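Student: Could you walk me through how to read a structure like this one?
Tutor: Gladly; have a look at it first.

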Amino acid sequence: MDQKAEALQYVASLGQDQRVTENELLTAFRQGRGELGQGDKSKRLSLPNILYGIGGAIVFLGIAVLVSQNWPAFTPLTRIGITLGGSLVAYLTGVMFSQYQKLDAMSQAFYLISALVAPLGLSVAFYEGGYNLGIAEVQSVISGLLLALYLASYLAFRKNIFLLFSIIFGSWFYFALTNALIGGRPIFDELKFYEYRVLIMGLAYLLLGYSFLTTSRRVLTSWLYSIGSIAALGAALALGGWTPNQNLFWEAIFPGVSLGVVFLSLPLKSRAFLIFGSIYLMVYILKITAEYFSNTLGWPVALMIAGFALIAVGYSTWHLNAKFKTVAVSAS
Amino acid sequence: MNIKHNIPLIVGLALPILLILGIVAAIYLPSFFVKPSVNFVYAIGNYPRYCEALEEDRYTQHMYAIKEGQLTETTQTVAGGCYPGESTAPQFYLYDLATDTSKELSLPDLKNLTLNPNQASPDGFKVTYGREGGAIIPFIFFTETDYNSVFISGNNISRRLKVEGGNNRSPYGQYTFNFVGWVVE
């Protein structure tokens, strides 16, 4: 039997015994073809990378404090020069450093400085131009410009840091634009509107995280899963409301949603799903107990029931987490 | 591009876009089918009362009210001080919803109009202040009443009105918008 036929037969036996998943096979295949990039291992957080990140954040803090402390003393041009100009200089420095492989990690620090200072720089520029920063239309323009810049940067340079900030600025733009569209109209229930927007944003994050799983962008998946599950589950819980203005649909489906998130943690190998699904289920149990049972059964009995329910959830979480570790060990 | 493989990415990007399109449709579509038609009278300034100083410790209080469809003004002398901000008589305007314009009315003009002081018009609309919001940090938004914007709302539509009085309004004082009543034809 030739090598290819032997390999395929071996893969078939692995699949039959469920010792490997489809995703793992595809990942290995793509790594072999170089589609996931040789530099993937270097993208993991090492001590120099952490220090670059902390350094970049401290530089941003320094610029923000410098401008705020000397605001009256600086002319408008100086303020714009330090903030927007500083962001531009950091961006160009990052581009220059990324031309050299040894300095590629350091270029990430300069991209981080640029991305953190850019919103400050644009806000200062718009402020000096006489625009009110508090209104949604101006916020939409600022966030839209940042989204366009960082999306274009990602398409040009294919750096995950640009994609990360595209997602952040895109989320800001999404909220600002929808606020601008509403335009102060009193027909929209503000709280419900906010909850639905957070729910949609959370679902979008989860789907983006899943789509990045088998690509070079998978470093963002765990972050997207965490923020996405917090947002989506939080919004779904909030949409349930509180008696006597509760929404029975959301209150009825929430336990199914949070349990679904918990059980999805296994196939998706996501601790974020397990942790946040469990936490929100516990919060839901406490909420329902306080909402419906504290006046009928009395607080002490309601608390006992809630406590036992939380113990059951906690045990299930631990059991699933142990199963998680078993799957991870057998996959490696 | 493998569409089947990228379905989660496409759906994830499409969800927020669909929400935005849904908001645009919810705002603009109903206005093609439903339009408010009952004009109304409003006052800019100290309505329904203002004061006129007589002496240091006495003033005349002017009060407006709608009685049997007519706007009436009564006065009484009151002990106490009259603050400058409360001493300006209000200006009355008739808002024409068909042309979105305001026409200033004198008190004799008002006597020719029959007014309904109910908050809701016969066709189910209300005149209210708008809301304004801001964001100190993205995702942390706050909203409050915007006294510089006035809307007519109801039947799932909301339309901004071009009222008189400038952009310096507060809930009280000489520039405040006050709804008076719907014009009964």
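The dialogue below goes from chain to helix, strand and ring.

Tutor: Before we start, this is a predicted model, in which local features need pLDDT of at least 70 and side-chain atom pairs count only at pLDDT 80 or more, while totals for chains, interfaces and linings use all residues. Residues are numbered from 1 along each chain as its sequence is written, chains are lettered from A and ligands numbered from 1 in the order in which they are written, and side-chain values use heavy atoms, with hydrogens and water left out.

Student: How many helices and strands does chain A have?
Tutor: Helices (H or I, at least four residues) and strands (E, at least two) are DSSP runs, numbered from the N terminus. Chain A has twelve helices and zero strands. Its C-alpha trace spans about 75 × 65 × 35 Å along the principal axes.

Student: What share of the residues in chain A is buried?
Tutor: Buried means under 20% relative accessible area, exposed over 50%, and partly exposed in between, with a 1.4 Å probe and protein chains only. In chain A, 40% of the 332 residues are buried.

Student: How do I check the span of a helix?
Tutor: Take 1.5 Å times one less than its number of residues as the expected span. Helix 6 (residues 136-157) of chain A has 22 residues and should span 32 Å; its end C-alpha atoms are 31 Å apart, which agrees. Among its buried residues are A:Leu146, A:Leu147, A:Tyr150 and A:Tyr154. After helix 6 of chain A comes A:Arg158, with a positive phi near 55°.

Student: Where is the kink in helix 1 of chain B?
Tutor: A bend at a residue is the angle between axes fitted to the seven residues ending there and the seven starting there. Helix 1 (residues 7-28) of chain B has a kink of about 30° at B:Leu15, shortly before the proline B:Pro16. From its first C-alpha to its last, this helix of 22 residues reaches 31 Å, close to the 32 Å expected.

Student: And how should I read which side of a helix is covered?
Tutor: An α-helix has 3.6 residues a turn, so residues three or four places apart point the same way. In helix 1 of chain B, the buried residues include B:Pro16, B:Leu19, B:Ile20, B:Ile23 and B:Ile27. Their cover includes helix 7 (160-182) and helix 8 (190-211) of chain A, together with helix 2 (30-33) of chain B.

Student: Is A:Tyr280 buried or exposed?
Tutor: A:Tyr280 has 14% relative accessibility, so this residue counts as buried. It sits in helix 11 (residues 271-293) of chain A. Leaving out residues up to four places away in sequence, A:Tyr280 touches A:Ser229, A:Ile230, A:Leu233, A:Gly234, A:Leu237 and A:Phe254.

Student: What about strands: how do they pair?
Tutor: Strands of a sheet pair through backbone hydrogen bonds, either parallel or antiparallel. The rule used here is that two strands pair if DSSP finds at least two bridges between them. In chain B, three strands form an open antiparallel sheet in the order 2-3-4. Strand 2 (49-55) and strand 4 (70-79) of chain B are its edges, each pairing on one side only. Six bridges join strand 2 to strand 3 (residues 58-67) of chain B, with B:Tyr50 partnered by B:His62.

Student: Which strands pair with strand 1 of chain B?
Tutor: Strand 1 runs antiparallel to strand 5 of chain B, with five bridges, and B:Val41 is partnered there by B:Leu94. Five bridges also join strand 1 to strand 11 (residues 177-183) of chain B, again antiparallel, where B:Ala43 has B:Asn178 as its partner. Both faces of strand 1 are covered: B:Phe40, B:Tyr42 and B:Ile44 are buried on one side, B:Val41 and B:Ala43 on the other.

Student: Finally, how do I read ring pairs?
Tutor: A pair of aromatic rings is described by the distance of the centres and the angle of the planes. Rings of Phe, Tyr and Trp (its six-membered ring) pair if their centres lie within 6.5 Å; planes under 30 degrees apart count as stacked, over 60 as edge-to-face and the rest as tilted. The count comes to 32 aromatic pairs over all chains. B:Tyr42 and B:Tyr95 form a tilted pair, 6.4 Å centre to centre with 55° between the planes. B:Tyr42 lies in strand 1 (residues 40-44) and B:Tyr95 in strand 5 (residues 91-96) of chain B, so the pair ties together parts that are 53 residues apart in sequence.

How values were computed
Contact means heavy atoms within 4.5 Å.
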